[in-house]
Amino acid sequence: MKLAYYPGCVARTTGREYEISTRAACKALGIELEEIDDWNCCGATHVSNEVVSTALAARNLVRTDLPVMTSCSICYSRLRAAMIRLKDRKVRERVNEALEKKYEEEKEVLHVIETITKALDEAKDPEEIVVRPLAGLKVAPYYGCLLTRPGGGIDSPERPTILENLIRTLGAEPTDFRLKMKCCCGPIFMPEEEAAAETLIRILRNAKESGADFVVALCPLCHLMLDANQPLLEKKFGEEISLPILYVTQMAGLALGLGAEELGLSMNSVSTRPVLEKLEVKEGAEEEGAEVC
Amino acid sequence: MTEMATTMKTETVASTAKMTPEGEEFREKVLKLAGEEVKTCIQCGTCSGSCPTSSLMDIPIRKLIKLVLEGEKKAALESRSIWLCTSCLLCTVRCPRKIRPMAVVAALKTIYEEEGMKSKDSVFEGIFARQIRSHGRISEFLLSTEYMIRSPSSAVQIITFGAELIPKGKIELSFEAAMGERIEGTEEMRRIFDLAGGEKEAETTEGGEEKAKKAEGPMAKESKEAAK
């Protein structure tokens, strides 16, 4: 299978390990990714004018004939929201005034979790692919906000299950994580740090209380807020959290038998070593622990 | 509770009676940007009750919509709430009237900027938008340095965060990195951002109104389906 890949800006900076593990996991699943040529930023949550944000998304969509996959929940939500707006002929005409290649028809837009889930569902023998089941690991499924919003997409915006299902397919156990859909407040972090910090510490405490070995994140901004920001939050609130935050592609990659280096696991801020150690203990010493970071 | 409801009712009547031409113009502008269905708000408070940052807001989203409908331009634009919205869309998937409260907030941000008002939050959004317009992509290095220069109180936060990210190789400090990644289609980017200017013209015409109204249709339908 071949998909168009829309990395989004964060994949090139703070979410670098998300891109590395996305490419690695897709390759392991036999999915070829073709990066969209000359793609542009989706505007994220910072372009308030709707015609402009719709046009930003549309320019990316028209640059390929393949279904478009992204790993970022914000990009994913923006692309989907734009397609909803673009159903209206007048909006389409306005947007097309600015575009070189015109937006004519809807595209299939996928989030990487959908791609991984589908690939595993379609596999004749998933056990053959999941060569290193994550048995014994407890995972807090962090959806964040935008994966299922606006509604009508990948899963229910109120009671999604896609992430828990994937965790189980990979051999791990999802924890009961009450704040799994609480927004990380990443979009307002820069100017409103105090407000974001209060919410973030609650999310982290709740994930930890759920008994998770790690949290799995689906969005580079959620990840940045929970992972790179975690040491800062620990200092601010004077408490130890030490909860590894893995990207969904890092989690899947591990189960697919990929090594820590291939998944960029040394780039995570909070050490992922406890997860790897636990996994290798369960799995015996076939990896010799050489790739533990 | 009864007392509160009575006060609220009185307020509505009083403000409607004294809506200034400027207030009316403001109300119409928000409706055009965010959708005519905003008028159908029943003030149920589902939006405020769902909002992840409502406890930090000076004016809850429900009340903000009421202010818009009453043409209370100054109070609505000066509210800190519009900058505390994380755009998480929970209000939008839940609104029983298929209103998109987040779009109301976005409309208020647009008007805020057009009016030349300024806050650290609008400065950040301005830098973000300008960078997409000029480069096509966001460089977090450029974004944070420019924001730090324009909003010096953010320096400690940005430097501490940078100290976490730079050793991981996630933010590069090379000359090229500092210049930012630039796409080839920057001319197209400029045209896309110029569409915002066209919006002002479109709003004065009947066509503009029709467009805004129609645009809400598919979205509302989508939310309805999602709710099922």
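Biologist: Where is Ser87(B) placed?

Modeller: Ser87(B) is in the loop between α6 (81-84) and α7 (90-94) of chain B. Helices here are DSSP runs of H or I with at least four residues, strands are E runs of at least two, and both are numbered from the N terminus. Keep in mind that this is a predicted model: local features need pLDDT of at least 70, side-chain atom pairs count only at pLDDT 80 or more, and totals for chains, interfaces and linings use all residues. Residues are numbered from 1 along each chain as its sequence is written, while chains are lettered from A and ligands numbered from 1 in the order in which they are written.

Biologist: What is the phi of Ser87(B)?

Modeller: Positive, about 60°, although Ser87(B) is not a glycine. Most residues other than glycine have a negative phi.

Biologist: Buried or exposed, that Ser87(B)?

Modeller: Ser87(B) counts as buried because it has 22 C-beta neighbours inside 10 Å. The cut-offs: buried is 20 or more other C-beta atoms within 10 Å of a residue's own, exposed is 12 or fewer, partly exposed is in between, with C-beta atoms placed from the backbone.

Biologist: And Leu89(B), where is that?

Modeller: Leu89(B) also lies in the loop between α6 and α7 of chain B. Its phi is near 70°, a positive value in a residue other than glycine. Leu89(B) has 25 C-beta neighbours inside 10 Å, so it counts as buried.

Biologist: Over to chain A. Which peptide bond is cis?

Modeller: The one from Arg149(A) to Pro150(A), with omega near -5°. Pro150(A) is in the loop between β5 (138-141) and α7 (162-169) of chain A.

Biologist: Now the open sheet of 4 strands: what is the order?

Modeller: β2-β1-β3-β4 in chain A, with parallel pairing. Strands pair if DSSP finds at least two bridges between them.

Biologist: Which strands stand at the edges?

Modeller: β2 and β4 (109-111) of chain A; each has a single partner strand, so one side of each is left without a neighbour in the sheet. The twist averages 40° from one strand to the next. Axes for that are lines fitted to C-alpha atoms, for helices over the stretch in contact, and angles run from 0 to 180 degrees between N-to-C directions.

Biologist: How many bridges between β1 and β2 of chain A?

Modeller: β1 (residues 2-5) and β2 (residues 32-35) of chain A pair in the parallel sense over 4 bridges. In β2(A), Leu33(A) is the bridge partner of Leu3(A). From β1(A) the chain crosses through helix α1 (residues 16-28) to β2(A), a right-handed β-α-β crossover. Right-handed here is when, with the strands pointing away from the viewer, the path from the first strand over the helix to the second runs clockwise.

Biologist: What about β3 and β4 of chain A?

Modeller: β3 (residues 68-70) and β4 of chain A pair in the parallel sense over 3 bridges, and Thr70(A) has His111(A) as its bridge partner in β4(A). Helix α3 (residues 73-85) packs on the sheet, touching β3 and β4 of chain A, and its direction makes about 155° with that of β4(A). Contact means C-beta atoms, placed from the backbone, within 7 Å.

Biologist: How many residues of α2(A) are buried?

Modeller: 12 of its 12 residues, so α2(A) is mostly covered. Among the buried residues are Glu50(A), Arg59(A) and Asn60(A).

Biologist: And chain A overall, how much of it is buried?

Modeller: Buried residues make up 61% of its 293 residues. The secondary structure of chain A comes to 12 helices and 8 strands.

Methods: Contact = placed C-beta atoms within 7 Å.
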